[in-house]
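Q: Hi! Could you walk me through this protein? I'm new to reading structures.

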Amino acid sequence: MNVSDLITANQSLWQDYTQHRFVRQLGDGTLPDSAFRHYLIQDYLFLKHFARAYALAIYKCDSFSAMQRPLAALTGLLEHETSLHVAYCQEWGISEQDLENIEEDSGTVAYTRLVLDIGQSGSLTELYVALAPCALGYAEIGAWLPKQSFTARENNPYIAWIDMYAGETFQQLAVDETKSLDEMMKEIHADSQQGRKLNRIFRDATRMEIAFWEQGLEKQ
C-alpha cells in the first residue's frame, strides 16, 4: 500500500479538495479579502494543533533515530513556519495579537481534533496518514494552479501564496513525506483491515480539508 493508493481510492474527494472553488479563486485572484483573512487566522490556529500532532508522533516513536523525522518537522514549524505565517498575516493587516485572540471556527475544531484523536488513540502510521492530506494536498495545489489558464500573475493579491506552495522547498517536502509514508505502509495490503482503516482516515482528513476551505468562503 502507498500514498497513491489512498489518493486513487478517494479520487473524487481529493479533486474536490485540491481544485476547490476557494483554490480556483486564489488562482484567478477573485477570492474576497475577508475569506482569505479568515483562512489565514484559522490556519495559524491549525498550526498550533499540527505542532501538537508532531509532538505526539515523537512520543509514539520507538527509537531515537525514528524521533528525528517528527522532531525536524516540529522544529521547523515552531522556529520557521509559524514566524513566516505571522509575518505574512501582518502584510494582510492581521496582528499576532489578532491571531491569538480569535476563536477557532467549527471546521478548524473538527479537523484538528480528528487528527489529535487519531494521534492519541492510533498508531504512528495512522497519525501520519491523518496529517498527509494537508502537506500533500497543498503541494498538489501549488503544482496545479500555475498550469491553469485562469491563474493570474498580474494584479493577483494571492500570487505570493501560490508561489510559496509551488516553490521547490515545499514541493520537495511533499516528495520526502510521500517517500516516508510509502515506506511506513509498504507491508500493509490495501484490502486488509488496517489498509481499510488507513483509507478511512485519509478520506476523513480530506473531507476536513474541504470543510476548511468552505468555512473561509462562508466569511466573505
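A: Happy to! One term to start with: contact means that heavy atoms lie within 4.5 Å. Keep in mind that this is a predicted model, where local features need pLDDT of at least 70, side-chain atom pairs count only at pLDDT 80 or more, and totals for chains, interfaces and linings use all residues. Residues are numbered from 1 along each chain as its sequence is written, and side-chain values use heavy atoms, with hydrogens and water left out.

Q: Great. So what is W213 in contact with, leaving aside its neighbours within four places in sequence?
A: W213 is in contact with Y17, H20, F22, V23, Y39, Y138, I141 and W161.

Q: And which residues have the most contacts inside the largest nonpolar core?
A: W213 is one of them, together with F36, Y39 and W161, in a core of 70 residues. A nonpolar core here is a set of buried Ala, Val, Leu, Ile, Met, Phe, Trp, Tyr and Cys residues joined through side-chain atoms within 4.5 Å. Buried means under 20% relative accessible area, exposed over 50%, and partly exposed in between, using a 1.4 Å probe and protein chains only.

Q: Which helix gives the most to this core?
A: Helix α4, residues 33–60, with 16 residues. Helices are DSSP runs of H or I with at least four residues, strands are runs of E with at least two, and both are numbered from the N terminus.

Q: How many helices and strands does the chain have?
A: Eleven helices and zero strands. With a radius of gyration of 17 Å, close to the 17 Å that the globule rule gives for 220 residues, the protein chain is as compact as a globular protein of that length. That radius is taken over C-alpha atoms, and the rule is 2.2 Å times the number of residues to the power 0.38.

Q: What share of the residues counts as buried?
A: 47% of the 220 residues. Among contacts between residues at least 6 apart in sequence, 81% join residues at least 24 apart.

Q: Switching to α3: which of its residues are buried?
A: F22, V23, Q25, L26 and G27, in a helix that covers residues 21–28. The buried residues of α3 pack against α2 (11–18), α4, α8, α9 and α11 (193–217). After α3 comes G29, which has a positive phi, near 80°.

Q: What about Y88, buried or exposed?
A: Y88 has 15% relative accessibility, so it counts as buried. Y88 sits in helix α5 and touches F36, L40, P157, A160 and W161, not counting residues up to four places away in sequence. Y88 and L40 are 48 residues apart along the chain, with 8.8 Å between their C-alpha atoms.

Q: How much space lies in the largest pocket?
A: About 1000 Å³. On a 1 Å grid over the protein atoms alone, a pocket is an open set of points where a 1.4 Å probe fits, with protein on both sides within 12 Å along at least five of seven lines; lining residues have an atom within 4 Å of a point. The volume is the space filled by probe spheres set on the points, which are joined across faces, edges and corners.

Q: Which residues lie nearest its centre?
A: G76, L77, E81, F170 and L173, out of 34 lining residues. Helix α5 gives the most to the lining, with twelve residues.
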